[in-house]
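Please examine the model below with attention to its ring pairs, its backbone geometry and one of its pockets. The paragraphs that follow take these topics in turn.

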Amino acid sequence: MERLNQLRARMASAGIDAYIITGADAHGSGYVPAYWQARTWLTGFTGSNGLAVITHDRVETNGLAAVTQGKAGLWTDGRYYIQAETELAGSGFELFKMQEPGVPLYQTFLKDNLPQGATIAFDGRTMTAQSFSMLKKELTDKNINYLLDIDLIGELWSERPPLPAKPAFAHDIKFAGKTTQEKLVAVREQMQKKNINGYLVAALDDIAWLTNIRGGDIPYTPVSYAYAFITATQAHLFIDPDKVRDLCLDNFMLHGYADLPDFLHGIAPDTLEGGKFYFNPNRTNVAMAEAIPKSFPINRNTADDIIPYMKAVKSEAELTNIRNAYKKEGVVWVRLFMWLEQILATPGELNLCEGDITRKLKALRAEQADYLHDSFSTISAYAGNAASAHYNPGEDGAQVKRDGFLLVDSGAQYLDGTTDTTRTLVVGPLTNEMRQDYTRVLQGHIAVATAVFPSGTTGSQLDLLARMPLCKAGKNFRHGTGHGIGYVLSVHEGPHNISPVQNNVALKPGMLASNEPGMYKDNEYGIRIENIICVKELQTTEYGTFLGFESLTWCPIDTHAIDYDMITVQELQYLNDYHAATYETLAPMLTEPERTWLKNTTQKINK
């Protein structure tokens, strides 16, 4: 509350009526380093998605003196409702549950709470050009004055950590599959088709893919802060030179990270040779977008972006490596399960906390070849903690008891692939409702895994398959069924997904997605089962081309929670086939005792 009061004092002295804190970095990264965690510093909320708006008291006369009380709100999605309620306690911030009935968008909130001619400020490095455009559209009638370069948190945060400066490293061709030159040729072919002669790339994972380098600037995602600019004949990379001093980047002209605005102003519009200057407004911050000369013929159509669509379709070389990464990850999970089973079976008091599981996973992964680090903060959640879909146990978390469910959602970055797996484990007696909910989640998972669909289908069209078993019981979950996943890059990658939110990107062979329906009962339990799946072509007939999914994840699914009166013969056949394939895939990599355990765990179940 003290920090909020200090911020309001700064706002008042600067004549600012509303201040926006997005929680993002300058590149819209999914996870951000300490320097960019301004929203967390102010509000205490640590979730990966959230936006804060602060207004201060104002006096309105209108003939009568009146004081309008300042407000402070935080907007986040359904994954974080429970977490946000806890973390915002005592902060002075009100929680706004995005997408819930009657909850206004933050833009609408500003429209309703600001006078004509008000001043809104924010750090323009942290808001995308698209978000700013939407804000201005909503507030068109308010005659708002916008200040795009105001970093009030930076003025207040005396011990703000520095920007990261870790060195980058080469992603060897045996992992990358294609050289940078080959990728540049492919990018330029698409630029020519789209009449783009100047292509500004702001997304860090796009740049890492293009340059075949990886870094350590972002938590969990091996990328470096940089920009790239590509023309028909040149490729420019804007990055701290110390980060790439020992790397071979012969295909790029190197510049300092902060040099891009001046570079753009030095480009004569006629050098674009009649083509367009392209940037993606969803991935480029508004401060950078405003630095682009207004004389350029600009294309900002998000659908015309190039690299996101290219890197989303994994090459055969990438898929071969990814499959190997998931085999290693399968071994890690088998060993984790055996370790847990032994602890649970040992008589006496159970001395196990959620954090122990996080530490065990890291230790097991460290035994695997080419392990870099985890791909996100492990969600090790016992009982009611798992009802918060993105729960973070911290150092130790809660004690695990021999009762109910334990949910573990974790992933890794290997040099040959990015992994993400979730399993819900039975650690003690279950109620009938818990068994039924678990079975419904499993049925939704199987429905997606076995889907067959015509070419051109989007993930949005498949999402309901995962929800149908729950919807029949009047239940649902507040997150998407699946996200794309990068290749030694972001564990959450677009442009496709499997979500009820409309997405017009068609699924194509080689695209990866998570398949993770869930069910959450506040303060009691959470259930989620997640595999990573790859789109593949099944057949082409006179009726068209039909697609389906290949499972990349090999990890036993706990069968002790299934209500066998609910599950169908076909669903059970899928589960038996999946478990048989899991054993065949992992057995050669396991010790004899581990093979015996896995054989017993994946044995065929007859209904």
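A charge is taken to sit over a ring if NZ of Lys or CZ of Arg is within 6 Å of the ring centre and within 35 degrees of the ring normal. The charged end of Lys-183 meets this description over the ring of Trp-209, at 4.5 Å from its centre. The charged end of Lys-599 likewise sits over the ring of Tyr-583, 4.5 Å from the centre of that ring. The model is a predicted one, in which local features need pLDDT of at least 70 and side-chain atom pairs count only at pLDDT 80 or more, while totals for chains, interfaces and linings use all residues. Residues are numbered from 1 along each chain as its sequence is written, and side-chain values use heavy atoms, with hydrogens and water left out.

Aromatic rings also pair with one another. A pair of aromatic rings is described by the distance of the centres and the angle of the planes. Rings of Phe, Tyr and Trp (its six-membered ring) pair if their centres lie within 6.5 Å; planes under 30 degrees apart count as stacked, over 60 as edge-to-face and the rest as tilted. The structure holds 24 aromatic pairs. In one of them, the centres of Phe-45 and Tyr-80 are 5.7 Å apart and the planes stand at 85°, so the pair is edge-to-face. This pair links distant parts of the chain, 35 residues apart: Phe-45 is in the loop between helix H2 (38–43) and strand E2 (51–55), and Tyr-80 is in the loop between strand E5 (72–76) and helix H3 (81–87). Helices (H or I, at least four residues) and strands (E, at least two) are DSSP runs, numbered from the N terminus. Phe-45 is buried at a relative accessible area of 0%, and Tyr-80 is buried at 2%. Here buried means under 20% relative accessible area, exposed over 50%, and partly exposed in between (1.4 Å probe, protein chains only).

For Phe-229 and Phe-263, the ring centres lie 5.8 Å apart with the planes at 70°, so this pair is edge-to-face. Phe-229 in strand E12 (residues 226–230) and Phe-263 in helix H10 (residues 260–265) are 34 residues apart, and their pair links distant parts of the chain. Phe-229 has 2% relative accessibility and therefore counts as buried. Ring pairs link Phe-229, Phe-238, Phe-263, Phe-277 and Phe-296 into a cluster.

The next element to consider is helix H17. H17 (residues 569–586) has 18 residues and reaches 26 Å from its first C-alpha to its last, close to the 26 Å expected at 1.5 Å a residue; the expected span is 1.5 Å times one less than the number of residues. Which residues of H17 are buried? They are Glu-571, Leu-572, Tyr-574, Leu-575, Asn-576, Tyr-578, His-579, Thr-582, Tyr-583 and Leu-586. These buried residues pack against several elements, among them helix H13 (316–345), E22 and helix H18 (592–601).

Thr-421 lies in strand E22 (residues 421–426) and is buried at 1% relative accessibility. Leaving aside neighbours within four places in sequence, Thr-421 is in contact (heavy atoms within 4.5 Å) with residues including Glu-329, Trp-333, Asp-409 and Cys-555.

The second largest pocket is lined by 18 residues, of which Glu-341, Val-426, Asp-558, His-560 and Trp-597 lie nearest its centre. H13, E22 and H18 are the elements that give two or more residues to this lining, and H13 provides the largest share, four residues.

Most residues other than glycine have a negative phi, and most peptide bonds are trans. The peptide bond from Gly-494 to Pro-495 is cis, with omega near 5°, and Pro-495 lies in strand E25 (residues 493–498). Val-488 has a positive phi of about 55° although it is not a glycine. Val-488 is in the loop between strand E24 (482–484) and E25 and is buried, with a relative accessible area of 0%. Asn-195 has a phi near 60°, also a positive value in a residue other than glycine. Asn-195 belongs to the loop between helix H8 (180–193) and strand E10 (196–201) and is partly exposed, at 39% relative accessible area.

Terms used:
1 Å grid on protein atoms, 1.4 Å probe; cavity = no way out; pocket = protein on both sides within 12 Å on 5 of 7 lines; lining within 4 Å.
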